[in-house]
Amino acid sequence: MDVAVLEREAAAVLPDFVYDYFRASGGGPESLTRSIAAWRSFLHRPHVLRDTSRIETATTVLGTPVTSPVLVAPMAQQVAANPAGERATAAAVAALGTLLGVSTNTAVPFGDITATGAPWWFQLYVLSDRELTAVLLDRAVQHGARAIVLTADITGLAHPSPGAAYSVEPGEWGPEAGASAARLGNLTPEERERLHGGSIARDSGLPVIAWIAERTGLPVVVKGVLRGDDARRAVDAGAAAVLVSTHGARALASSIPSAFALADVVAAVGSEVEVYVDSGLRSGTDVATALALGARAAFIGRPVMWGLATGGEAGVRRVLETFTAELVTAMDLLGAPTLADLTPDLVVAP
Ligand code: FNR
């Protein structure tokens, strides 16, 4: 699948300001272009004469079985891509047997997502109002979230993006999307009002990991880790897994791409906890590279959003199915019939 073509189709159907928000990356488009190019800069050393007549992509993530290591990243404001928002995304995920992350900034009530049958992890921004943060966590648990993904790479609700100004502050949305109410759909209007002017806490240190784990009884995945030493500290502080991510190049524009950060993180903690990766993956071949470098699974962001915008549930399904089909092809050509056969020696770093 040419994701760039799908993106152009999405751009044609979305209001400009919505497309710009989905597409935006820190400091302008270069940071995202670099993230995508980073995956493609790895080369492969395929095996030959291996029996690939049966290729197996099923695995587990934190104990949840999934048919494929291609998972859906938590993304805000999906109702701006399609009125069904995460209901459609989750329905596609349920049909395929994978898993999705659900953003703090989803407009869709948790119960609607659970009703699709898809397993989901709640992505948490620790808000400066800790009580409301706890309310969100309690509701996520009540509705069946299976893990908490603590996003650690964005502090403050506005992303630093001088090249393409965008923000998740409700007031920044244009009237067409009606999206100003479409944020924090799991808080009551009164709670949202109380949060008004509030933001993501900037003072959450490592102890917040244990606080979340105790509050919820769920495993905590720390998202946005780009360094082995941070991964080590997160795991020592109680993280059950780490997600190597540049937030799709939406955080610090000059960060190294997650493709280049993954091996360091895997070396630091990969023998103890599951390591996942996202940002810039645009094909199943990129997923194969990520798994060979030690990731347990890969989360896909914008390509899913483009699928949702152009085709709703069926569009998301097509994107996920295509990534998995491409992964199967890559495994076949690499002579790696199982996920365990995707080993670092198959990959040559640029
Ligand atoms: C995101 N991402 C994100 N991450 C998060 O932890 N909480 C969030 O609310 C959001 N919202 C969000 C909105 C949009 C429109 C995008 C594109 C991304 C980041 C997301 O989880 C993931 O890290 C990246 O999208 C992965 O990169 P790619 O696949 O988009 O390149």
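How many nonpolar, polar and charged residues does the lining of the second largest cavity have? By class, this lining has five nonpolar, four polar and one charged residues. Here Ala, Val, Leu, Ile, Met, Phe, Trp, Tyr, Cys and Pro count as nonpolar, Asp, Glu, Lys and Arg as charged, and the others, Gly among them, as polar.

Welcome to this predicted model, where local features need pLDDT of at least 70 and side-chain atom pairs count only at pLDDT 80 or more, while totals for chains, interfaces and linings use all residues. Residues are numbered from 1 along each chain as its sequence is written, and side-chain values use heavy atoms, with hydrogens and water left out.

**Cavities**

A cavity is a set of points, on a 1 Å grid over the protein atoms alone, where a 1.4 Å probe fits but cannot get out; lining residues have an atom within 4 Å of a point. The count comes to two cavities of 30 Å³ or more, with volume taken as the space filled by probe spheres set on the points, which are joined across faces, edges and corners.

The largest cavity has a volume of about 390 Å³. Of its 27 lining residues, the closest to the centre are Pro 74, Met 75, Lys 223, His 247 and Arg 250. Its lining has 12 nonpolar, 10 polar and five charged residues.

The second largest cavity has a volume of about 60 Å³. Among the residues that line it are Ser 31, Arg 34, Thr 246 and Pro 257.

**Aromatic rings**

A search of the whole structure finds nine aromatic pairs. Rings of Phe, Tyr and Trp (its six-membered ring) pair if their centres lie within 6.5 Å; planes under 30 degrees apart count as stacked, over 60 as edge-to-face and the rest as tilted. Here are two edge-to-face pairs:

| Pair | Centre to centre | Angle between planes |
|---|---|---|
| Phe 110 and Phe 122 | 5.1 Å | 75° |
| Tyr 276 and Phe 299 | 5.9 Å | 80° |

Phe 110 counts as buried (under 20% relative accessible area, with exposed over 50% and partly exposed in between; 1.4 Å probe, protein chains only), at 1% relative accessibility. Phe 122 is buried too, with a relative accessible area of 0%. Tyr 276 and Phe 299 are both buried.

Tyr 19, Tyr 21, Phe 22 and Trp 306 form one aromatic cluster. The charged end of Arg 250 sits over the ring of Tyr 21, 4.9 Å from its centre; this calls for CZ of Arg or NZ of Lys within 6 Å of the ring centre and within 35 degrees of the ring normal. Likewise, the charged end of Arg 130 sits over the ring of Trp 211, 4.5 Å from its centre.

Methods. On a 1 Å grid over the protein atoms alone, a cavity is a set of points where a 1.4 Å probe fits but cannot get out, and a pocket is an open set with protein on both sides within 12 Å along at least five of seven lines; lining residues have an atom within 4 Å of a point.
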